[in-house]
Amino acid sequence: MENLVTTQLAAVSNIALPAGFGADLGKGIGAIALYAIIGLVLMLIGFYAIDWTTPGKLSDLVRTGKPNAVIVTASGMLSMALIIVVAIYFSASDLTAGLITSVVYGLIGIVVQVLAVRTLEWVTKLDVGSTIQDDKFAPASVVVAAVHIALGLIVAVAIS
């Protein structure tokens with residue numbers, strides 16, 4: 001039995017990592033950190049773009065639990081995440097190009113979303129501002145949320 005354990009330990013200790021493994025691991029960790037920072041910054045910009053273009057203080061409405069504000073904000077953040085994820089996925093293995101495309105496509109996604117929601121509001125005569133400030137669930141908030149997600153998908157597929 002002791003001989004078998006010794007043989008197995010010897011076999012495990014002879015396993016070598018490929019050359020450059022540590023450097024590749026470090027680059028991967030750095031890429032994750034950079035993409036996470038860019039993603040977070042774009043999500044914050046997206047939130048404040050929605051907040052800036054929507055009547056009422058969105059963060060206060062979400063914090064106080066206004067259901068429609070929560071639905072609209074959550075869908076906007078999900079839509080932005082879809083765009084960022086696809087931009088990262090299709091950036092191939094080039095980190096610099098991936099970071100740049102993530103920022104550019106993310107900013108385009110923010111602009112498209114803001115314009116689309118404002119256009120939806122104008123075309124349908126929905127009052128998004130009063131809808132998100134309502135204390136009770138308003139079905140119109142689901143329409144706004146669907147537009148956010150649909151546009152996120154459209155922009156994401158356009159990136160690919």
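A salt bridge here is a side-chain nitrogen of Lys or Arg within 4 Å of a carboxyl oxygen of Asp or Glu. The model is a predicted one, so local features need pLDDT of at least 70 and side-chain atom pairs count only at pLDDT 80 or more, while totals for chains, interfaces and linings use all residues. Residues are numbered from 1 along each chain as its sequence is written, and side-chain values use heavy atoms, with hydrogens and water left out.

Going by that cut-off, three salt bridges turn up. One of them joins K66 and D135, whose side chains come to 2.2 Å, N to O. K66 sits in the loop between α3 and α4 (67-89), and D135 in the loop between α6 (128-133) and α7, so this pair ties together parts that are 69 residues apart in sequence. Helices are DSSP runs (H or I, at least four residues), numbered from the N terminus. As for burial, the scale is relative accessible area, with buried under 20%, exposed over 50% and partly exposed in between (1.4 Å probe, protein chains only). K66 is buried at 17%, whereas D135 counts as exposed at 56%.

Another salt bridge, between D60 and R63, has an N to O distance of 2.7 Å. Both residues belong to helix α3 (residues 58-63), where they are three residues apart, or about one turn of the helix. D60 is partly exposed, with a relative accessible area of 36%, and R63 is exposed at 62%. Then there is D51 with K57, where the closest N and O atoms are 3.2 Å apart. In general terms, side chains of opposite charge can pair when their charged atoms come close.

Next come the rings. Rings of Phe, Tyr and Trp (its six-membered ring) are taken as a pair if their centres lie within 6.5 Å, with planes under 30 degrees apart called stacked, over 60 edge-to-face and the rest tilted. Searching the whole structure gives one aromatic pair. F47 and Y48 make up this pair, edge-to-face, at 5.2 Å centre to centre and with 85° between the planes. F47 is buried at 15% relative accessibility, while Y48 is partly exposed at 49%.

A ring also features in the contact between K125 and W122. A charge sits over a ring if NZ of Lys or CZ of Arg is within 6 Å of the ring centre and within 35 degrees of the ring normal. The charged end of K125 meets this rule, sitting over the ring of W122 at 5.8 Å from its centre. K125 itself is in the loop between α5 and α6 and is exposed, at 67% relative accessibility. Its backbone is worth a look too: phi of K125 is near 65°, a positive value in a residue other than glycine.

What about empty space inside? Rolling a probe the size of a water molecule over the atoms shows where empty space is left. A cavity is a set of points, on a 1 Å grid over the protein atoms alone, where a 1.4 Å probe fits but cannot get out; lining residues have an atom within 4 Å of a point. Grid points are joined across faces, edges and corners, and a volume is the space filled by probe spheres set on the points. The count comes to one cavity of 30 Å³ or more, and the largest cavity has a volume of about 50 Å³. Its lining is made up of I50, T53, T54, V72, Q113, V114, V117, R118, V128, V144 and H148. The elements giving two or more residues to that lining are α2 (21-53), α5 (95-124) and α7 (140-159), and α5 supplies the largest share, four residues. By type, the lining splits into six nonpolar, four polar and one charged (nonpolar being Ala, Val, Leu, Ile, Met, Phe, Trp, Tyr, Cys and Pro; charged being Asp, Glu, Lys and Arg; polar being the others, Gly among them).

L42, in helix α2, is buried at 2% relative accessibility. N68, in helix α4, is buried with a relative accessible area of 0%. N68 and I110 are 42 residues apart in sequence and 20 Å apart in space, C-alpha to C-alpha.

Note on methods:
On a 1 Å grid over the protein atoms alone, a cavity is a set of points where a 1.4 Å probe fits but cannot get out, and a pocket is an open set with protein on both sides within 12 Å along at least five of seven lines; lining residues have an atom within 4 Å of a point.
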